[in-house]
Amino acid sequence: MGFECAKNNAILSKLATNEEHGENSPYFDGWKAYDNDPFHPLKNPNGVIQMGLAENQLCFDLIEEWIKRNPKASICSNEGIKSFKAIANFQDYHGLPEFRRAIAKFMEKTRGGRVRFDPERVVMAGGATGANESIIFCLADPGDAFLVPSPYYPAFNRDLRWRTGVQLIPIHCESSNNFQITAKAVKEAYENAQKSNIKVKGLILTNPSNPLGTTLDKHTLKSLLNFTNQHNLHLVCDEIYAATVFDMPQFVSIAEILEDNEMSHCNKDLVHIVYSLSKDMGLPGFRIGIIYSFNDAVVSCARKMSSFGLVSTQTQHFLAAMLNDEKFVVNYLAESARRLANRHKHFTNGLEEVGITCLKNNAGLFCWMDLRKLLRDSTFDSEMSLWRVIINDVKLNVSPGSSFDCQEPGWFRVCFANMDDGTVDIALARIRRFVGVKKSGDESNAMEKKQQWKKNNLRLSFSKRMYDESVLSPLSSPIPHSPLVR
C-alpha cells in the first residue's frame, strides 16, 4: 500500500494525491456505512437508516402530478418531441433565456416577492457544489482565505478549498447563545487572520444555516454587510435552503438587505448569492446550481467558467416550463412548508419523549440534536465513541458535530425529510430503545420511567464492546477511509 502511494505521488499531480478533498471524515464515513448496509423495510429491515443526507423527498408527488399534466415539458414524450431538435443542438453557456427567467422568477417567489432578480445575472453551474467553487475561483487566489461561521457544512472543505487552494477560517459560535454569529466573533477571527498575515477575501454565510436550520435576521445581516464593506471584503451568501423555512421568523435574503435605504452606502459589487434547486425543490440529481452576483465582472467570469459545469438543455427546458407555472409554484412552496413543519414537529416530539432536545430551528431539512448528556465525558473522543455506537448498533447514520467543525462535543445533525413516514417511525423506535425508554400508554409508568431517566442523567452504560476503540465501522468501500475508520 505504501509503495502504491509513493508510486502515485511520483506520477500523478499534487491535486490527485492530496487528502484535501475532505472525504476522509466521519461525515462521509457515515454515508459509506449506509451504502454498505442500506435499510429497506422488506429486504433489509435491520439495515442502516440514512439520516445524514439533507434531501427533501416530501413533495415528489406534487412534481409527478405536474409532469403527468404537462407531458409537453419533456422532449422525450410524444407531446414534446417537436422541441427535440432545438433542445438537442449545441447551446452556449449563457443558458436558455426562458430558463434564466424562470429561475429569477422562482428566486423572487421563495423570498416572498420582496425583492427582484435580473435574469441577466443568473449564471448556471453544476449544482451548488459547482456554484460555490466557481464563485471562489472568481474572488480569490490560492492562499487567500474566507471567514465562515462554524459549525458549517462539512463538504465546504471540498467545494471551497480542494481545487481553489483557499483557506477557510472558522468563526466559532457557541451553544450559550444558540450558535448565533456575533460581530465580536467575526472581528476576532478577522483580526487573528490579519496578525497571521493571512489575506482574507471575504465572509461566507449559509442562510438558512446548515447544520443549524436557523435563519439570520435583518439586524444581523446588516451588521455583517457593514463589516464586510468596511473592510472591503466579499460577502457570499449561500441561500440554497431559502424555501425550506417552515416557521417564523421568515427568511430574509441578502438581496433584500441591499434594497434597504439604510444600506444604500454599501458596495453591491462585493455581494454574491449561491442558489440551487437541490433543497427547495428536492432535485439534487438535476444538478442545478446558480450564481447570482451584483458584480458585472464576476457575472462575466462565472459565465465563462460555467463551460465546465453546464446544466443540460433538456433539464433547462423541462424546469423552465415547471417554474413558469405560477399556480404550481405557489401551491408547491406552501405545501412543502406545511409538510416540512409537520415532519419536523413529529420528529422532534418523538425525540422529546425520551428527553432528547434539539436547537430550536425554523428551516432546513434537519435538526441540530443535543446528545451531550449521552457522552461519557465532554470530549471529542467520547463523541466519536457515541457516533460509532449509533452507526454500528442503533443503525442510524447521523453526522457528528465535530465533522461540522463544532467546538462543543455532543451535537449531531440528523436529517428528517429524506424518508417516508414509516421509516421515520422506525428511526424513532430505534432511538427509544437506545436510550432505554419505551413508549407506553400508561401515564404513571411513563412518568416513573421519565424520573428514572432524569436520575440517570441520560448516561448510558454501554457495554465494553461498544466502547472498545478497536471496533471498526462496517465499511467496505474501496474508497480510502479516515484514520477513525481504519
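How are α4 and α13 oriented to each other, roughly parallel or roughly perpendicular?

**View 1. Helices α4 and α13 at their crossing.** This is a predicted model, in which local features need pLDDT of at least 70 and side-chain atom pairs count only at pLDDT 80 or more, while totals for chains, interfaces and linings use all residues. Residues are numbered from 1 along each chain as its sequence is written, and side-chain values use heavy atoms, with hydrogens and water left out. The axes of α4 (residues 60-69) and α13 come within 11 Å and cross at roughly 100° (lines fitted to C-alpha atoms over the stretch in contact, with angles from 0 to 180 degrees between N-to-C directions). The two helices, α4 and α13, are therefore roughly perpendicular (65 to 115 degrees). Ile63, Trp66 and Ile67 of α4 meet Phe318, Ala321 and Met322 of α13 (heavy atoms within 4.5 Å).

**View 2. Helix α6 and its packing partners.** Buried residues of α6 include Phe99, Ile103, Phe106 and Met107 (under 20% relative accessible area, 1.4 Å probe, protein chains only). The buried residues of α6 pack against elements including β2 (122-126), β7 (271-276) and α14 (326-352). Just after α6, Gly112 takes a positive phi of about 70°.

**View 3. Parallel strands β3 and β4.** Strands β3 (residues 145-150) and β4 (residues 167-172) are joined by 6 bridges (pairing requires at least two DSSP bridges). From β3 the chain passes through helix α8 (residues 156-162) to β4 in a right-handed β-α-β crossover (clockwise from the first strand over the helix to the second, with the strands pointing away from the viewer). Helices (H or I, at least four residues) and strands (E, at least two) are DSSP runs, numbered from the N terminus.

Key
Buried < 20%, exposed > 50% of the residue type's maximum accessible area, 1.4 Å probe, protein only. Parallel < 35°, antiparallel > 145°, perpendicular 65-115°, else oblique.
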